[in-house]
Amino acid sequence: MPDKNGKFGEFGGRFVPETVMPALIELEERYEALKNDASFQEELHFYLQEYAGRPTALYFAKNLTAHYGRGKIYLKREDLLHTGAHKINNAIGQALLARRMGKKKIVAETGAGQHGVACATVAALFGLECRVYMGKEDIERQALNVFRMRLLGTEVIPVTSGTGTLKDATSEAIRYWVTNVEDTHYIIGSVVGPHPYPMIVRDFQKIIGEEVKEQILKCNIEKLKYIVACIGGGSNAMGMFYSFRNDKEIIKIGVEAAGKGITTNEHAASLTKGRPGVLHGAFSYLLQDKDGQIIEPYSISAGLDYPGVGPEHSFFKDSGIVEYQAVTDEEALQAFKRLARIEGIIPALESSHALSYLEEIMPKTQVDETVIVCLSGRGDKDVDMAIKVMGGL
Amino acid sequence: MSNLSETLQGLKASGRKGLIVYLTAGYPDYATTLETVLAMEAEGADVIEIGIPFSDPIADGPVIQHAATLALKTGSTTAKSIELVAQIRKSSRIPLVVMTYVNSILGYGKEKFIADFVKAGIDGLIVPDLPLEETGLLEDICKRQGIPLIGLIAPTSTVDRIKCIAQKAEGFLYCVSNTGVTGGQHNNYDQIGTVIKAARQVSQIPMAIGFGIGNSQGASAAARYADAVIVGSAILEKLTNEGIAGVRNLVRSIRETLDGESE
């Protein structure tokens, strides 16, 4: 748990204008009360099960296992959820929270559009008014998700300030929230932002790991050696790792986007290459220059294309609870193709980063050992991008 | 007593309202910033706020965002902004307050940032994304360097928070006029007026209203509740559209309005 100021060790906190401080404090109080409220938990459980499709399968990837010929590989199938990724877990939880707090409007930011679509979906479901800020560049690259959001009744607002990408969309969503804090709830899309957001998003995502813990018993998995997940802001990874944070014998690996390589300037590997600083309200690892100006990240995967990372991940890194690695666009694309061909599953480019790291760890495993990869989303949204870089097949 | 407190307390004692004006360092270039600062002083500004451009300014509206983005694009750096302060000090003693975001300070090194700016000649520091709970990060360094870390209160601040912030306040208290970001036109100061009343119960410090004050009418309306007004985005807009002459006219007209009403 974070301390009373929302710090995980030295990371986290609330670096925001005074205007929103009272709202953050209120949010924390209301959330703490609801967290233990049986009717809230029941409602959340109902929508996760009946609407989103939980629990998701822990699927034994027999073909992929045979491909490497070493330990067993299981995939946690978050890609099978409604709207196509784990993002819906948080969106449902926070929309219910907004409703309980009497807020009729929600605002969110989105990069690739997955979190935006999840928010637009729950807004339609619960009759909330929804605005989503999205970088102008991303709007052009993700036309399909923009249409989905608009179809669901959400207003998508192009952001041209700064560099017109996810970090600017996040700043713009925060600015809107600062201005309309009295009737609007801000649904941040990852385990980032000021306290209590990293904690709240983690709590709504930790069901991923909790289910895995139960499924391990059902599947008779005895020697779980590795758990692997991709990291942008880090919500699916946090959801996956949190329940295993005290299991020292299981190696947890978070895989960042190395873009064109971590020795180039074009990557999004905040934990591998950044240094701690403050962005969007939290102290955490960050890609920045010597004056503290934020450096625009790069990744083929829009969902990993963020210059910061959740503060609890920074804490996990410095305390050695999780190991963080990075793989390149090229490596992720190979894994994208591999899973499609071998298992008949098209993974999201984000998840492909985690899958790619199997190349590194599988040769080190024994046949009686198991590796679980979080398949955080499906790859339908990435097909346009794949056509562009892979050409005809 | 510091240059800043002396100036603001002096104004208060003589029944005049203070005028605090903002510029982004290096927008559109450092020579212009320097010249504009001196021009604003000549037109009757009492305190100058120098904004150090940051890539992700979450408390700022489009005008200051744009100025920061452009300043960074044309090569504005922290070191050059420190040099700007030193240049201003060669010809002016006007109180200078630096306004920037936490990460500009951390990125450059917090001890070094504050020490270098103090050495160059600043009189105070405003960090809009450093609320009460996080002031521990810079408080001791500012004390050691002998400059106030300016506190901010907002229309949404609860009574308890207002009291805590006001009790700790040094230099002046920055009273944010509306929920929102810098810029725009805002003419209703009743809400922040109520907040200021609560702050005055525990502190004698000068109160300055900022955000959305763009002309003499706004300044005059805000001055009814406060000891000083802060004008930022409107100055930058004038600078962009009409150059330094436009800035002079705006500062002069606000100064005249404020003085006219105090008499």
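Among contacts in chain A between residues at least 6 apart in sequence, what percentage join residues at least 24 apart? The figure is 73%. The model shown is predicted, and the legends below go through its two chains view by view.

**Figure 1. Overall view of chain A.** Chain A of this predicted model contains 17 helices and 14 strands. Its radius of gyration is 19 Å, close to the 21 Å that the globule rule gives for 393 residues, so chain A is as compact as a globular protein of that length. The C-alpha trace spans about 55 × 45 × 40 Å along the principal axes of the chain. Buried residues make up 65% of the 393 in chain A. The chain has an accessible surface of about 14,300 Å², and carbon and sulfur atoms account for 51% of that area.

**Figure 2. Helix α4 of chain A.** Helix α4 of chain A runs over residues 87-100 and has 14 residues. From first C-alpha to last the helix reaches 20 Å, close to the 20 Å expected at 1.5 Å a residue. α4(A) is mostly covered, with 12 of its 14 residues buried. Among the buried residues of α4(A) are A:Lys87, A:Asn89, A:Asn90 and A:Gln94, along with A:Ile88, A:Ile92, A:Leu96 and A:Leu97. A:Gly93 and the alanines A:Ala91, A:Ala95 and A:Ala98 are buried as well. An α-helix has 3.6 residues a turn, so residues three or four places apart point the same way. After α4(A) comes A:Gly102, with a positive phi near 75°.

Figure 3. A:Glu312 is located in helix α13 of chain A, which covers residues 311-318. Is this glutamate buried or exposed? A:Glu312 has 6% relative accessibility and therefore counts as buried, the cut-off being under 20%. Residues up to four places away in sequence aside, A:Glu312 touches A:Phe8, A:Arg202, A:Met238 and A:Tyr242.

**Figure 4. Two cis peptide bonds in chain A.** Most residues other than glycine have a negative phi, and most peptide bonds are trans. The bond joining A:Arg54 and A:Pro55 is cis, with omega about -5°. A:Pro55 sits in the loop between α2 (38-52) and β3 (58-60) of chain A. A cis bond also leads from A:His195 to A:Pro196, where omega is near 10°. A:Pro196 belongs to the loop between β8 (184-186) and α9 (197-205) of chain A.

Figure 5. A:Asn220, a residue other than glycine, has a positive phi near 55°. The loop that holds A:Asn220 lies between α10 (207-218) and β9 (223-230) of chain A. With 62% relative accessibility, A:Asn220 counts as exposed. A:His280 is not a glycine either, yet its phi is positive, about 50°. This histidine is in the loop between β11 (275-279) and β12 (282-286) of chain A. A:His280 counts as buried, at 4% relative accessibility.

**Figure 6. Overall view of chain B.** Chain B has 11 helices and 8 strands. A compact globule of 263 residues would have a radius of gyration near 18 Å, and the 17 Å of chain B agrees with this. Along the principal axes of chain B, the C-alpha trace spans about 45 × 40 × 35 Å. Of its 263 residues, 63% count as buried. Contacts between residues at least 6 apart in sequence join residues at least 24 apart in 74% of cases in chain B. The chain exposes about 9,600 Å², with 51% supplied by carbon and sulfur atoms. There are 23 positive and 28 negative side chains in chain B, and the centres of the two sets are 3 Å apart.

**Figure 7. B:Ile235 and its contacts.** B:Ile235 is part of helix α11 (residues 233-262) of chain B. Its relative accessibility is 0%, so B:Ile235 counts as buried. Neighbours within four places in sequence aside, B:Ile235 is in contact with B:Val21, B:Tyr22, B:Leu23, B:Met40, B:Val247, B:Leu250 and B:Val251. B:Thr32 is 203 residues from B:Ile235 along the chain, and their C-alpha atoms are separated by 13 Å.

**Figure 8. B:Lys197 in helix α9.** Helix α9 of chain B (residues 190-200) includes B:Lys197. This lysine is exposed, with a relative accessible area of 63%. Between B:Lys197 and B:Thr78 there are 37 Å from C-alpha to C-alpha, and the two are 119 residues apart in sequence.

Methods:
Residues are numbered from 1 along each chain as its sequence is written. Chains are lettered from A and ligands numbered from 1 in the order in which they are written. This is a predicted model: local features need pLDDT of at least 70, side-chain atom pairs count only at pLDDT 80 or more; totals for chains, interfaces and linings use all residues. Side-chain values use heavy atoms; hydrogens and water are left out. Helices (H or I, at least four residues) and strands (E, at least two) are DSSP runs, numbered from the N terminus. The radius of gyration is taken over C-alpha atoms; the globule rule is 2.2 Å times the number of residues to the power 0.38. Buried means under 20% relative accessible area, exposed over 50%, partly exposed in between (1.4 Å probe, protein chains only). Contact means heavy atoms within 4.5 Å. Accessible areas come from the Shrake-Rupley method with a 1.4 Å probe; for residues, only the protein chains shown count as cover. The expected span of a helix is 1.5 Å times one less than its number of residues. Lys and Arg count as positive and Asp and Glu as negative; His and the chain ends are not counted. The place of a charge is taken as NZ of Lys, CZ of Arg, CG of Asp or CD of Glu.
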